[in-house]
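Please read the points below beside the sequence and the model.

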Amino acid sequence: MLSAKVTSNLPLVKKRFNKFFKRFPNIVTKGLEQAGVQLKEIIIDRTDRGLDFNKRKFVPYSPSYAEEKGKTTVNLQDTNRMLQSIDSKLKSKNKVQVFFRSQTQAKKALFHQKGLGKLPERKFFAYNFKTEKLIRRTFEDFMKKEIKRLKIWVREKILQATLLPQFQT
């Protein structure tokens, strides 16, 4: 005589799906944080090369300032504190912010950005459509890769859960 006992694994499968959906917001958060860091690095790199947000050269230093500092490349790095102060953080579930940690450096950046005081306008703290497109593509690629990894993880967990029914003889 053969008897079989079948146990339901529905609670286990449900638990695994819940884990999947709990992990999903963390992926978005991680992707946004990476996007913020990428924008920060693009701004710093571009400024270091002497280019504004549209990749045009900055207005040159005045001859007297260039002679005093001994440099002709305009990269907004006298002490480098302003650029080192740039940071990024997650502002909400779907928003990341690139900002200056120091209020003093933010004020200095504003003078450069708007051309206030004796400074000419040098728009460095911005991004154009190409930069936005690059960051969006990087974010989307990251999300696709992570979702694919999660799907594989969920498939494996479901497969493990479905193989759990116990048969007795």
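1. Lys114 belongs to helix α4, which spans residues 103–114; helices here are DSSP runs of H or I with at least four residues, numbered from the N terminus. Lys114 counts as exposed because its relative accessibility is 52%. The classes are buried under 20% relative accessible area, exposed over 50% and partly exposed in between, with a 1.4 Å probe and protein chains only. Between the C-alpha atoms of Lys114 and Phe124, 10 residues apart along the chain, there are 10.0 Å.

2. The model is predicted: local features need pLDDT of at least 70, side-chain atom pairs count only at pLDDT 80 or more, and totals for chains, interfaces and linings use all residues. Residues are numbered from 1 along each chain as its sequence is written, and side-chain values use heavy atoms, with hydrogens and water left out.

3. Six salt bridges are found in the whole structure, each being a side-chain nitrogen of Lys or Arg within 4 Å of a carboxyl oxygen of Asp or Glu. One of them joins Lys69 to Asp78, with closest N and O atoms 3.1 Å apart. Lys69 is partly exposed at 34% relative accessibility, and Asp78 is partly exposed at 48%.

4. Arg49 pairs with Asp45 in a salt bridge at 3.3 Å between the closest N and O atoms. Arg49 is partly exposed at 48%, as is Asp45 at 40%.

5. Arg56 and Asp52 form a salt bridge of 3.6 Å, N to O. Asp52 is buried, since its relative accessible area is 9%.

Note on methods. Helices (H or I, at least four residues) and strands (E, at least two) are DSSP runs, numbered from the N terminus.
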